[in-house]
Amino acid sequence: MEEPLVLDTLAQEEFAIFDNAAGTDPAALFAAAYRTFAGPVQGYLKARGLDDPEAVTQDVFMAFYPRIGNLTGGLQGAKSLIFSIAHARMVDHYRRLERRPQLTPYDPQHDGRTTPSAEDHAVELTGGAAAMLEGLSEEHQEVLALRVVADLSIEQVATIMGKSAGAIKQLQRRALQNLKAQTLKRNQANHE
């Protein structure tokens with residue numbers, strides 16, 4: 001493949017900046033490298049299948065900037081450094097992809113399970129607080145709702161229900177015993 005005989009003026013200026021890099025402002029070198037290689041780097045990354053080649057191109061040049069002070073070899077040295085950074089970013093991208101778990105969307109129409117999930121089973125067993133209290137007397141429901149659900153003290157419940165603290169303790173004990181017996185009975189029926 002032959003080299004073009006005449007380079008456009010802008011490209012010649014970019015090459016000249018790198019050839020006379022000694023004492024040149026790093027920002028000017030960076031700008032020249034970016035104008036010269038941003039397109040080819042982005043094309044390389046896109047051809048290698050990266051998800052976001054524009055963002056990785058920016059990352060490549062952000063990694064290139066601190067190394068400008070140690071750059072040798074003129075334009076070819078900059079090109080080698082930039083593309084080695086781009087290659088490393090591409091390798092990092094694919095390593096991250098290999099470690100990422102493969103996710104598949106859930107489609108209920110393709111769900112071949114014939115038994116209900118454990119969560120559904122647990123919800124059916126418990127049925128919520130209201131369902132658990134259904135078989136209890138009104139007084140037992142009230143004392144458990146105030147003590148457990150509302151998290152009130154025995155004295156507060158006694159005041160609300162118009163009973164003594166000792167009576168509330170007895171009501172709560174009996175309500176819990178009845179609730180335990182009903183729950184055991186329900187669980188046995190579900191397991192048979």
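Which exposed residues does helix 8 carry on the face turned away from its buried side? They are Glu155, Thr159 and Ile160, where exposed means over 50% relative accessible area, buried under 20% and partly exposed in between, with a 1.4 Å probe and protein chains only. Before going on, keep in mind that this is a predicted model, in which local features need pLDDT of at least 70 and side-chain atom pairs count only at pLDDT 80 or more, while totals for chains, interfaces and linings use all residues. Residues are numbered from 1 along each chain as its sequence is written, and side-chain values use heavy atoms, leaving out hydrogens and water.

Let's step back to the whole chain. Its secondary structure comes to nine helices and zero strands; these elements are DSSP runs numbered from the N terminus, with helices (H or I) of at least four residues and strands (E) of at least two. Of the 192 residues, 23% are buried. Among contacts (heavy atoms within 4.5 Å) with a separation of 6 or more, 54% come from residues 24 or more positions apart.

Back to helix 8, which covers residues 154–161. Its buried residues are Ile154, Val157, Ala158 and Met161. Why do they sit on the same side of helix 8? Because they cover an arc of only 105 degrees around the axis, the arc being that of the directions from the helix axis to the C-beta atoms. The buried residues of helix 8 pack against helix 7 and helix 9. Just after helix 8, glycine 162 takes a positive phi of about 70 degrees.

Those two neighbours also meet each other. The axes of helix 7 (residues 138–149) and helix 9 (residues 165–191) come within 9 Å and cross at roughly 100 degrees; axes are lines fitted to C-alpha atoms, for helices over the stretch in contact, with angles running from 0 to 180 degrees between N-to-C directions. That makes the two helices roughly perpendicular, a label for angles of 65 to 115 degrees (under 35 is roughly parallel, over 145 roughly antiparallel, and the rest oblique). On the helix 7 side, the contact includes Val143, Leu144 and Arg147, and on the helix 9 side it includes Leu171, Ala175 and Leu179. The contact residues divide into seven nonpolar, three polar and three charged, counting Ala, Val, Leu, Ile, Met, Phe, Trp, Tyr, Cys and Pro as nonpolar, Asp, Glu, Lys and Arg as charged, and the others, Gly among them, as polar.

Now for the aromatics. Rings of Phe, Tyr and Trp (its six-membered ring) pair if their centres lie within 6.5 Å, and planes under 30 degrees apart count as stacked, over 60 as edge-to-face and the rest as tilted. The count comes to seven aromatic pairs. Phenylalanine 30 and phenylalanine 61 have ring centres 6.1 Å apart and planes at 80 degrees, so this pair is edge-to-face. It links helix 2 (residues 26–47) to helix 3 (residues 53–64), across 31 residues, and both phenylalanines are buried. Phenylalanine 30 also forms a stacked pair with phenylalanine 64, at 6.4 Å centre to centre and 25 degrees between the planes. Phenylalanine 64 is buried at 0% relative accessibility. Ring pairs join Phe30, Tyr34, Phe61, Phe64 and Tyr65 into a cluster.

One last stop is histidine 93 in helix 4 (residues 74–99). Histidine 93 counts as buried because its relative accessible area is 9%. Leaving aside residues up to four places away in sequence, histidine 93 touches Gly49, Leu50 and Asp51.
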